[in-house]
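This report goes through one protein model, helix by helix and residue by residue. Please keep the sequence and the structure in view while reading.

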Amino acid sequence: KCLSDVDHFTNETKNNINIKNKNLGDVFELLKVKENLQNIQEKKQNIVLELDVVEESLRMLEKQEMPRDADMKKVRKAQEEWNNLQKLSQVVEREIQNPVKAESEKARADILKFEESLKDYYVQMKKESFYIYKTGVEEATSRLDSVKEDIKKFEEQITNYDYFSKMFSFT
């Protein structure tokens, strides 16, 4: 099970960081690649430990005259695949450096524009008709529904910008 988990992670991650068929101009695809590169770094020690434990267990069985040659080959293959994935991740990281930097600057500018638009919206909210008593309940309610829709859109944008700020390491 341990080897199949490592194998699955290695294959899936290798496909996710393969940038040949990806549009790196799309910030979400670029960040998916970056996210997978971070996963490799985060899981590096655990995977190496798991592979070493399995290898040592098989060596202990071998010393007890219970060789498991097929399993040992699987472990070596998994270790080789893991090492190849790490090398590939370093290459991909270098290749996406410039697009990440460009998208980072663009996201930072977009976030600043968004903050300004929120401030403007807040100022405009104070001038809304539903603050005036003579507007009436029905008209005020319909306008409030419209404002709620706007707020929902702002919240979606905030979620995206929060994700960007984490992935681009904004402070």
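## Gln 38 in helix 2

Gln 38 is found in helix 2; helices here are DSSP runs of H or I with at least four residues, strands are runs of E with at least two, and both are numbered from the N terminus. With a relative accessible area of 28%, Gln 38 is partly exposed. On this scale buried means under 20% relative accessible area, exposed means over 50%, and partly exposed lies in between, using a 1.4 Å probe and protein chains only. Gln 38 and Met 167 are 129 residues apart along the chain, and their C-alpha atoms are separated by 9.6 Å.

The model is predicted: local features need pLDDT of at least 70, side-chain atom pairs count only at pLDDT 80 or more, and totals for chains, interfaces and linings use all residues. Residues are numbered from 1 along each chain as its sequence is written, and side-chain values use heavy atoms, leaving out hydrogens and water.

## Helix 1 against helix 2

Two packed helices are described by the angle between their axes and the distance between the axes. Axes are lines fitted to C-alpha atoms, for helices over the stretch in contact, and angles run from 0 to 180 degrees between N-to-C directions. Helix 1 (residues 2–17) packs on helix 2 (residues 27–63) at an angle of about 155°, and the axes are 10 Å apart. Helix 1 and helix 2 are therefore roughly antiparallel to each other. Angles under 35 degrees count as roughly parallel, over 145 as roughly antiparallel, 65 to 115 as roughly perpendicular, and the rest as oblique.

Helix 1 and helix 2 cross in a left-handed way; this term applies if the near helix is turned anticlockwise from the far one by less than a right angle, and right-handed applies if clockwise. Residues of helix 1 in this contact include Leu 3, Val 6, Phe 9 and Ile 17, and those of helix 2 include Leu 37, Ile 40, Ile 47 and Leu 51. Contact means heavy atoms within 4.5 Å. By class, the contact of helix 1 with helix 2 holds eleven nonpolar, four polar and three charged residues. Ala, Val, Leu, Ile, Met, Phe, Trp, Tyr, Cys and Pro count as nonpolar, Asp, Glu, Lys and Arg as charged, and the others, Gly among them, as polar.

## Helix 4 and its two partners

The axes of helix 2 and helix 4 come within 11 Å and cross at roughly 125°. Helix 2 and helix 4 are therefore oblique to each other, and the crossing is left-handed. Val 27, Leu 30 and Lys 34 of helix 2 meet Pro 99, Val 100 and Glu 103 of helix 4. This contact has four nonpolar, no polar and two charged residues.

Helix 4 (residues 97–125) also packs with helix 5 (residues 137–167), at an angle of about 155° and with the axes 11 Å apart. Helix 4 and helix 5 are therefore roughly antiparallel to each other. Helix 4 passes helix 5 in a left-handed crossing. Among the residues that meet are Ile 111, Phe 114 and Leu 118 in helix 4, and Phe 154, Ile 158 and Tyr 161 in helix 5. The contact of helix 4 with helix 5 has eleven nonpolar, one polar and two charged residues.

Ser 89 lies in helix 3 (residues 69–95) and counts as buried at 3% relative accessibility. A polar atom of the Ser 89 side chain lies 2.7 Å from the backbone oxygen of Gln 86. Not counting residues up to four places away in sequence, Ser 89 touches Ile 17, Leu 37 and Ile 40.

Ala 78 is also in helix 3 and counts as buried at 10% relative accessibility. In helix 5, Ser 165 counts as buried at 18% relative accessibility. The backbone oxygen of Asp 162 lies 2.8 Å from a polar atom of the Ser 165 side chain.

## The loop residue Glu 65

Where does Glu 65 lie? Glu 65 is in the loop between helix 2 and helix 3, and is exposed, with a relative accessible area of 71%.

Most residues other than glycine have a negative phi. Phi of Glu 65 is near 60°, a positive value in a residue other than glycine.

Note on methods: Polar contact = N/O pair within 3.5 Å; in protein donor to acceptor, adjacent residues only side chain to side chain.
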